[in-house]
Amino acid sequence: REVPIPEDMTAGQLHDRLSVLGAEVLKETLERLKEGTLERTPQNSREATYAPVIKKEMGQIDWTNTAREIYNLVRGMDPWPGAYTSYKGNRLRIWKARVFDEAAENPVCGKILESGEKGVVVACGKGLLRILELQPDSGRRMTAEEYLRGHKMEPGEVLTAFSG
């Protein structure tokens, strides 16, 4: 079966959708097998792909990547292991973001350009990413607006690779 994947769907949401669809297809397949009407189709090995096992370190954000690549990493690492970066030496998970500008050229990748009620805009290798939902290591998942009520993220500060 083919399943459309909306632009903003996370890996967790796709997993949930596919688990329901998989159960339906399995039930139909078993019924057709029992009836003797199942048509077997061998997989085309030239079109087959292998996915690596997801490891925690795969969630590390590399701000030299494009805004689109980082946006897709955030979606692909939700719910586990989560995409993350470092802010003031502490891990900061990014749960929801949007590509703000795909064409902007940025001399300092990871630099915070603005922060406020609409989120935190960060410079990427190419383009800008708006962080909408995040989670400090010692806290809960929250909107960027909620986080900014208790934490200052000043324009000019830089998000970096987490080492810890």
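View 1. Tyr84 counts as buried, with a relative accessibility of 6% (buried means under 20% relative accessible area, exposed over 50%, partly exposed in between, with a 1.4 Å probe and protein chains only). The model is predicted: local features need pLDDT of at least 70, side-chain atom pairs count only at pLDDT 80 or more, and totals for chains, interfaces and linings use all residues. Residues are numbered from 1 along each chain as its sequence is written, and side-chain values use heavy atoms, with hydrogens and water left out. A search of the whole structure gives 1 aromatic pair. This pair is formed by Tyr84 and Phe162 and is edge-to-face, at 6.3 Å centre to centre with 85° between the planes. Rings of Phe, Tyr and Trp (its six-membered ring) pair if their centres lie within 6.5 Å; planes under 30 degrees apart count as stacked, over 60 as edge-to-face and the rest as tilted. Tyr84 lies in strand S1 and Phe162 in the segment after H3, 78 residues apart, and the pair thus links distant parts of the chain. Helices (H or I, at least four residues) and strands (E, at least two) are DSSP runs, numbered from the N terminus. Phe162 is also buried, at a relative accessible area of 13%. The charged end of Arg91 sits over the ring of Tyr84, 5.1 Å from its centre (NZ of Lys or CZ of Arg within 6 Å of the ring centre and within 35 degrees of the ring normal).

**View 2. Ser86 in strand S1.** The relative accessibility of Ser86 is 6%, so Ser86 counts as buried. Beyond its neighbours within four places in sequence, Ser86 is in contact with Val158, Leu159, Thr160, Ala161 and Phe162 (contact means heavy atoms within 4.5 Å).

**View 3. Glu157 in the segment after H3.** The side chain of Glu157 makes a polar contact of 2.7 Å with the side chain of Tyr87. A polar contact is a pair of N or O atoms within 3.5 Å; within protein, one must be able to donate a hydrogen and the other to accept it, and residues adjacent in sequence count only if both atoms are side-chain atoms. The Glu157 side chain also reaches the backbone nitrogen of Glu154 at 2.7 Å. Leaving aside neighbours within four places in sequence, the contacts of Glu157 include Lys88, Gly110, Lys111 and Lys152. Glu157 and Leu113, 44 residues apart in sequence, are 8.2 Å apart C-alpha to C-alpha.

**View 4. The largest nonpolar core and helix H2.** Trp63 and Met153 touch the most other members of this core of 26 residues. A nonpolar core is a set of buried Ala, Val, Leu, Ile, Met, Phe, Trp, Tyr and Cys residues joined through side-chain atoms within 4.5 Å. H2 gives the most to this core, with 5 residues. Not counting residues up to four places away in sequence, Met153 touches Tyr87, Leu92, Ile112, Ser115, Val120, Tyr147, Leu148 and Leu159. In H2, the buried residues are Ala67, Ile70, Tyr71, Leu73, Val74 and Arg75, and they pack against H1, S1, S2 and S5.

**View 5. Glu133 in strand S5 (residues 126-136).** The side chains of Glu133 and Arg141 are joined by a polar contact of 2.5 Å. Apart from neighbours within four places in sequence, Glu133 contacts residues including Arg93, Ile94, Trp95 and Lys96. Met142, Thr143 and Ala144 are also among its contacts.
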